[in-house]
Amino acid sequence: MSIRIQVVARRCAPAVIALALAACATSEPAPPQPAPLTAATPQQQVAAIRAAAGDGEGELAIQPLRDPKVEDLREQASRLEAQGHYADAASALDQALEIVPDDPALLQERAEAALLLGDHDQAETLARRAFETGSKVGPLCRRHWATVEQARLLEGDAAGASAAKAQVGQCAVAGVNRF
């Protein structure tokens, strides 16, 4: 019986060694994430985004009619954000988005809530979606691109942040002269 075990061991030895070596092999390490290009807090970033919107005075800005329930949820989200309850504010905005999923202002507000929650990937995705569904001009447009800029800064993407910042300037369109 011992001879049989030795024969089996000799036949299996190469396979055992190969498995052991495969277990020791390491995959190539993931490339390091670039360092963020901003030290701003999420609150400072959102403040910068809202400041980028400007007052909209003297330019074209399109304001849709609002559902009263959606307005209540937006106001609730604003109050919760002011109290520092960012997750609850995001939840209220998510409820509003269930009612009107393609509202650019709601999408933008939710993007800003995502930044406050530290989810810059979602913030950028929502801001880009808001831009695509929106009017592409005015203060809200500037907020969309300022959000993309902040997200790109957090990703360490200087070129992307610069491109987004350039888009902010493209959002201004003079209002219609009325005589």
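This is a predicted model: local features need pLDDT of at least 70, side-chain atom pairs count only at pLDDT 80 or more; totals for chains, interfaces and linings use all residues.

Visitor: What about the backbone, what is phi of K136?
Guide: Phi of K136 is near 70°, which is a positive value in a residue that is not glycine. As background, most residues other than glycine have a negative phi.

Visitor: Let me step back a bit. How many helices and strands does the protein have?
Guide: The secondary structure comes to eight helices and zero strands, and reading along the sequence gives the pattern α-α-α-α-α-α-α-α.

Visitor: How much of the protein counts as buried?
Guide: The protein has 179 residues, and 34% of them count as buried. As for its contacts, if you take those between residues at least 6 apart in sequence, 66% join residues that are at least 24 apart.

Visitor: Okay, new topic: where is R110, and is it buried or exposed?
Guide: R110 has its place in helix 5, residues 104-116, and it counts as buried because its relative accessibility is 7%, where the cut-off for buried is under 20%.

Visitor: Which side chain does R110 make a polar contact with?
Guide: The side chain of R110 is joined to that of D94 by a polar contact of 2.7 Å. Not counting residues up to four places away in sequence, R110 touches A90, L93, D94, L97, Q122 and L126.

Visitor: How do helix 4 and helix 5 pack?
Guide: Helix 4, residues 86-99, packs with helix 5 at an angle of about 155°, and their axes are 9 Å apart. That angle makes helix 4 roughly antiparallel to helix 5, because angles over 145 degrees count that way. The contact is made by Y86, A90, L93, D94, A96 and L97 from helix 4, together with L106, L107, E109, R110, A113 and L116 from helix 5. Sorted by class, the contact of these two helices has nine nonpolar, no polar and three charged residues.

Visitor: And how do the axes of helix 5 and helix 7 cross?
Guide: The axes of helix 5 and helix 7 come within 10 Å and cross at roughly 25°, which means that helix 5 is roughly parallel to helix 7. On the helix 5 side the contact is made by P104, A105, Q108, E109, A111, E112 and L115, and on the helix 7 side by L140, R143, H144, T147, Q150 and L154. These residues divide into six nonpolar, four polar and three charged.

Visitor: What about helix 2 and helix 7, is their crossing left-handed or right-handed?
Guide: The crossing of helix 2 and helix 7 is right-handed. Helix 2, residues 42-53, packs with helix 7 at an angle of about 150°, with the axes 7 Å apart. The residues that make the contact include Q45, A48 and I49 of helix 2 and P139, R142 and R143 of helix 7.

Visitor: One last thing, where is Q44, and how far is it from L116?
Guide: Q44 has its place in helix 2, and it is partly exposed, with a relative accessible area of 45%. Q44 and L116 are 72 residues apart in sequence, and 9.4 Å apart in space from C-alpha to C-alpha.

Conventions. Residues are numbered from 1 along each chain as its sequence is written. Side-chain values use heavy atoms; hydrogens and water are left out. Helices (H or I, at least four residues) and strands (E, at least two) are DSSP runs, numbered from the N terminus. Buried means under 20% relative accessible area, exposed over 50%, partly exposed in between (1.4 Å probe, protein chains only). A polar contact is a pair of N or O atoms within 3.5 Å; within protein, one must be able to donate a hydrogen and the other to accept it, and residues adjacent in sequence count only if both atoms are side-chain atoms. Contact means heavy atoms within 4.5 Å. Axes are lines fitted to C-alpha atoms, for helices over the stretch in contact, and angles run from 0 to 180 degrees between N-to-C directions. Angles under 35 degrees count as roughly parallel, over 145 as roughly antiparallel, 65 to 115 as roughly perpendicular and the rest as oblique. Ala, Val, Leu, Ile, Met, Phe, Trp, Tyr, Cys and Pro count as nonpolar, Asp, Glu, Lys and Arg as charged, and the others, Gly among them, as polar. A crossing is left-handed if the near helix is turned anticlockwise from the far one by less than a right angle, and right-handed if clockwise.
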